[in-house]
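Could you walk me through this model, from its aromatic contacts to the way its chains relate?

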4 protein chains.
Amino acid sequence: MAGGDGIRVGVFGSGGKVGQAIVDAVEAADDLSFTVGVDKDDDRSSLVDSGTQVVVDFTHPSVVMDNLEFLIGNGIHAVVGTTGFDDDRLAQVRGWLDDAPGVGVLIAPNFAIGAVLSMRFAAAAARFYDSVEVIELHHPHKADAPSGTAYRTARLIAEARADAGAAPMPDATSTALDGARGADVDGVRVHSVRLAGLVAHQEVLLGTEGETLTIRHDSLDRTSFAPGVLLGVRQIGNRPGLTVGLDDLLDL
Amino acid sequence: MAGGDGIRVGVFGSGGKVGQAIVDAVEAADDLSFTVGVDKDDDRSSLVDSGTQVVVDFTHPSVVMDNLEFLIGNGIHAVVGTTGFDDDRLAQVRGWLDDAPGVGVLIAPNFAIGAVLSMRFAAAAARFYDSVEVIELHHPHKADAPSGTAYRTARLIAEARADAGAAPMPDATSTALDGARGADVDGVRVHSVRLAGLVAHQEVLLGTEGETLTIRHDSLDRTSFAPGVLLGVRQIGNRPGLTVGLDDLLDL
Amino acid sequence: MAGGDGIRVGVFGSGGKVGQAIVDAVEAADDLSFTVGVDKDDDRSSLVDSGTQVVVDFTHPSVVMDNLEFLIGNGIHAVVGTTGFDDDRLAQVRGWLDDAPGVGVLIAPNFAIGAVLSMRFAAAAARFYDSVEVIELHHPHKADAPSGTAYRTARLIAEARADAGAAPMPDATSTALDGARGADVDGVRVHSVRLAGLVAHQEVLLGTEGETLTIRHDSLDRTSFAPGVLLGVRQIGNRPGLTVGLDDLLDL
Amino acid sequence: MAGGDGIRVGVFGSGGKVGQAIVDAVEAADDLSFTVGVDKDDDRSSLVDSGTQVVVDFTHPSVVMDNLEFLIGNGIHAVVGTTGFDDDRLAQVRGWLDDAPGVGVLIAPNFAIGAVLSMRFAAAAARFYDSVEVIELHHPHKADAPSGTAYRTARLIAEARADAGAAPMPDATSTALDGARGADVDGVRVHSVRLAGLVAHQEVLLGTEGETLTIRHDSLDRTSFAPGVLLGVRQIGNRPGLTVGLDDLLDL
């Protein structure tokens with residue numbers, strides 16, 4: 001437990017690309033101290049022995065529950081980007097946390113701060129505008145259209161407008177080529193561009209008489225999750241229990 | 001006085017361009033009903049006689065105080081875009097309102113909802129990013145650079161970063177042409193573009209490792225104040241006392 | 001014939017909105033001199049009597065042919081934005097011009113220089129990029145999607161790529177909501193955004209490994225045809241015969 | 001030496017990052033065949049023995065002249081991204097090429113096709129617009145402001161406008177913070193944004209009454225030179241003598 005400055009951080013899956021990027025980010029931060037990385041066949045007890053306070057887990061749905069049970073049982077906080085959490089899994093994690101009152105776990109589907117802020121701002125602004133549409137732009141190797149983030153963004157916008165009793169958006173289109181007006185997600189049009197050279201980008205356009213507001217998020221490389229992970233690492237020690245999504249930590 | 005649907009709205013300065021645009025906007029709104037326009041030499045008592053509930057004032061600093069005293073004295077709410085309100089004037093308005101407990105007055109320097117939202121979002125996001133810069137773009141007839149809105153936006157960003165204890169922005173520039181890096185407003189760089197064909201536009205760019213967030217506001221014509229004015233008209237009846245700035249009404 | 005500096009310019013349909021905007025633009029130009037405007041019931045001989053050298057015609061398909069016969073017969077050049085020219089009409093105009101060797105007529109479907117340049121640049125660049133998509137954004141009162149300009153742009157891009165033997169664009173989309181990927185115009189995806197507050201905007205996105213090129217055109221008000229009309233007025237005197245489209249005058 | 005499909009391509013400096021990226025790009029192209037990579041201490045004769053037709057050189061000013069003499073002497077074409085070519089060096093290369101009539105050498109300071117196209121399009125469009133400004137946006141580790149590309153772009157724009165006798169740009173700015181209006185490069189304003197998360201981006205904005213045209217180039221990663229290099233490799237065999245700059249190959 002001796003020595004080391006700042007919060008002591010370990011990483012599950014440190015042998016993978018994402019895990020390595022997180023190790024690098026932790027090591028580059030003045031207020032964090034990297035303790036130990038644990039890979040598939042490594043002994044997890046090194047996390048306990050090294051006095052690790054927070055562990056980051058970007059691993060696999062097949063192992064993440066076992067990892068969480070171990071961490072919570074040992075009083076270690078967790079920041080989790082691994083996918084596959086349904087209601088049952090979340091309930092199970094909450095159950096474990098009931099028996100470990102000081103421990104905090106953050107599980108988030110998206111650690112790109114800009115993506116989370118974009119959604120928040122779009123939803124907050126949506127009720128002031130007559131029209132809202134979403135354009136998402138990705139590299140051409142992407143399999144789904146629209147992106148999961150664009151789909152969630154559109155639903156949040158639709159929800160905010162329904163809550164505010166907003167009128168349907170104006171649209172006089174009477175002659176259209178098939179697909180020209182995009183996909184309809186709860187009344188919000190979503191357009192998916194696939195272009196060589198792009199990474200992951202999204203634009204929410206809001207318009208009313210004489211003015212428009214555009215909220216654009218660009219992910220330019222795969223490390224864009226790092227600042228969000230560090231934000232979680234810094235705060236989770238003060239947030240006992242389960243936190244789902246980065247939103248609460250942004251404190252907007 | 002009977003009849004009429006929705007809030008009954010009068011307009012000071014209805015003979016001018018802006019006043020006329022407001023009359024048009026009120027008449028186009030289903031939940032508002034235009035009562036009477038009052039110009040320089042018209043009798044203001046028509047506002048009272050017509051049962052007007054809210055009056056919009058986009059007139060001149062030389063007459064606005066007199067207008068407000070009249071409205072408050074007659075129990076009529078006011079939405080004011082006229083400029084020139086300093087602390088003394090605001091104190092005077094508050095004094096009148098103390099004697100008219102049910103009356104609400106909204107005074108705002110900027111009724112473009114998108115401009116207000118942009119500033120809010122930029123300030124809220126600023127602490128999560130290593131770098132923030134502002135680009136404002138206007139028609140070439142504009143006399144000042146940067147624009148007042150860009151200047152205020154930069155100061156709000158600087159304030160938010162100071163409050164969060166943010167590190168200075170990274171900038172390795174060692175060789176620069178004079179002016180290339182823009183104006184320095186409390187440590188935030190602001191760039192002013194002047195281009196024929198443009199109206200009034202602003203972009204706040206925020207960047208951290210691997211991702212950027214851009215918040216852009218475009219005013220495409222002079223009517224962009226209308227939606228903000230209508231928002232004020234709809235809410236001021238439920239906000240007794242003095243409200244300064246559109247921010248509080250946006251309820252973000 | 002006396003006096004006046006620069007090219008002497010008359011306007012057909014000067015009583016309409018567009019006609020008036022053209023009169024204003026001519027009067028504002030140092031090298032042009034406005035002679036006379038002719039409306040529906042006015043006598044056209046004033047154009048001859050005033051020594052007019054070039055006449056601008058933004059009128060109606062039902063009168064434009066008669067106007068052109070008159071102008072060509074009197075040795076006056078014409079710049080025409082009126083729609084409805086099919087092959088028969090163009091052949092007829094060419095016939096009249098055969099008998100008036102010094103006279104020039106310019107007929108163009110689009111006088112917005114930026115729209116014409118956008119198309120040209122997009123077509124010129126298309127063969128160097130793996131992917132090209134078009135996003136057009138308009139006010140919500142527009143009836144057709146995509147816009148005529150976007151449709152023509154996409155076809156020009158497709159043609160340029162076919163000529164260059166370009167490979168099909170990469171697109172791994174396997175799961176898509178209906179319409180998400182836009183309309184397919186000869187293999188080029190076109191997305192149509194309809195948003196309150198917008199006027200007429202278009203973006204061509206081109207991408208290859210590690211880089212993208214974006215060509216964006218914004219029409220911010222209805223006067224955006226004026227610079228193209230003046231360009232035509234200045235050049236048509238030196239271009240005897242029929243010129244179709246603004247492209248040739250841009251001399252790219 | 002028989003066999004192999006397509007043009008046979010070798011790479012100088014294949015051990016470095018850039019060299020390796022070029023090897024990868026060549027191997028991924030159906031119509032090119034990678035022969036051999038040569039690093040600092042390797043024997044260059046393998047290039048001859050392998051029947052290499054074109055060699056790519058992204059090495060160092062201290063070795064590139066020796067490399068070129070070797071290649072030209074052996075009848076091998078060259079595509080060169082190495083910097084440091086002044087008039088003396090170019091004259092020397094021309095001298096060698098005089099004795100090797102079939103050999104072609106391409107030397108270019110910038111292989112990003114989009115950067116070259118941007119400059120071309122901006123210069124071609126500049127004379128049709130009242131106002132032109134340049135915004136360049138880069139990561140904050142960049143030492144110079146504006147970027148070399150932005151500086152060259154502004155000069156080309158200024159040159160094109162001078163050739164066309166364009167009027168000075170309109171600008172009514174009378175009160176400005178120092179630097180707000182950017183750097184003045186031959187009368188063209190250039191603004192330099194430095195933002196964490198960005199790579200290398202440039203926007204040329206052109207405006208006239210009622211419309212604007214924007215030409216934007218984004219380099220999203222370091223491999224953006226690859227398509228330009230391949231373009232050079234494919235064409236240099238048919239372009240004997242010295243070609244400076246990618247422009248001629250784009251055949252616009």
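Phe58(A), Phe111(A) and Phe225(A) come together as one aromatic cluster. For aromatic pairs, the rings of Phe, Tyr and Trp (its six-membered ring) must have centres within 6.5 Å; planes under 30 degrees apart count as stacked, over 60 as edge-to-face, and the rest as tilted. Before going on, some bookkeeping: this is a predicted model, where local features need pLDDT of at least 70 and side-chain atom pairs count only at pLDDT 80 or more, while totals for chains, interfaces and linings use all residues. Residues are numbered from 1 along each chain as its sequence is written, chains are lettered from A and ligands numbered from 1 in the order in which they are written, and side-chain values use heavy atoms, with hydrogens and water left out.

Back to the rings. Over all chains, a search of the whole structure turns up 10 aromatic pairs. Phe121(A) and Phe121(B) have ring centres 4.2 Å apart and planes at 10°, so this pair is stacked. The pair crosses between chains, running from helix H5 (residues 113-125) of chain A to helix H5 (residues 113-125) of chain B. Helices (H or I, at least four residues) and strands (E, at least two) are DSSP runs, numbered from the N terminus. Phe121(A) and Phe121(B) are both buried, where buried means under 20% relative accessible area, exposed over 50% and partly exposed in between (1.4 Å probe, protein chains only). Phe121(C) and Phe121(D) also form a stacked aromatic pair, at 4.2 Å centre to centre with 10° between the planes. Phe121(C) sits in helix H5 (residues 113-125) of chain C and Phe121(D) in helix H5 (residues 113-125) of chain D, so this pair joins two chains. Phe121(C) and Phe121(D) are both buried.

How do the copies relate to one another? The superposition is by least squares on the C-alpha atoms of residues with pLDDT of at least 70 in both copies. For chain B and chain D, a turn of 179° with a shift of 0.0 Å along the axis gives an RMSD of 0.1 Å. In chain B, Gly179(B) comes closest to the rotation axis, at 1.9 Å (C-alpha).

Zooming in on chain A, you'll find eight helices and 13 strands. The C-alpha trace of chain A spans about 70 × 40 × 35 Å along its principal axes, and 56% of its 252 residues count as buried. Among contacts (heavy atoms within 4.5 Å) in chain A between residues at least 6 apart in sequence, 71% join residues at least 24 apart.

The UniProt record, an unreviewed entry, annotates residues 7-111 of chain A as "domain: Dihydrodipicolinate reductase N-terminal". UniProt positions are given in the numbering used here, feature names are shortened, and annotations may be inferred rather than shown by experiment. That span is 40% helix and 24% strand, and its end C-alpha atoms lie 19 Å apart. The unreviewed UniProt entry also has a "binding site" annotation covering His139(A), Gly148(A) and Thr149(A). His139(A) is in the loop between strand E6 (131-138) and strand E7 (144-145) of chain A. Leaving out residues up to four places away in sequence, His139(A) touches Arg194(A), Leu195(A), Leu198(A) and Val199(A). Thr149(A), by contrast, belongs to helix H6 (residues 148-163) of chain A and is partly exposed, with a relative accessible area of 22%.

Finally, have a look at helix H4 (residues 87-98) of chain B. Its 12 residues reach 16 Å from first C-alpha to last, close to the 16 Å expected at 1.5 Å a residue; the expected span is 1.5 Å times one less than the number of residues. Leu90(B), Val93(B), Trp96(B) and Leu97(B) are buried in H4(B). They cover an arc of only 120° around the axis, which puts them on the same side of H4(B); the arc is that of the directions from the helix axis to the C-beta atoms. On the other side of H4(B), Asp87(B), Asp88(B) and Asp98(B) are exposed.
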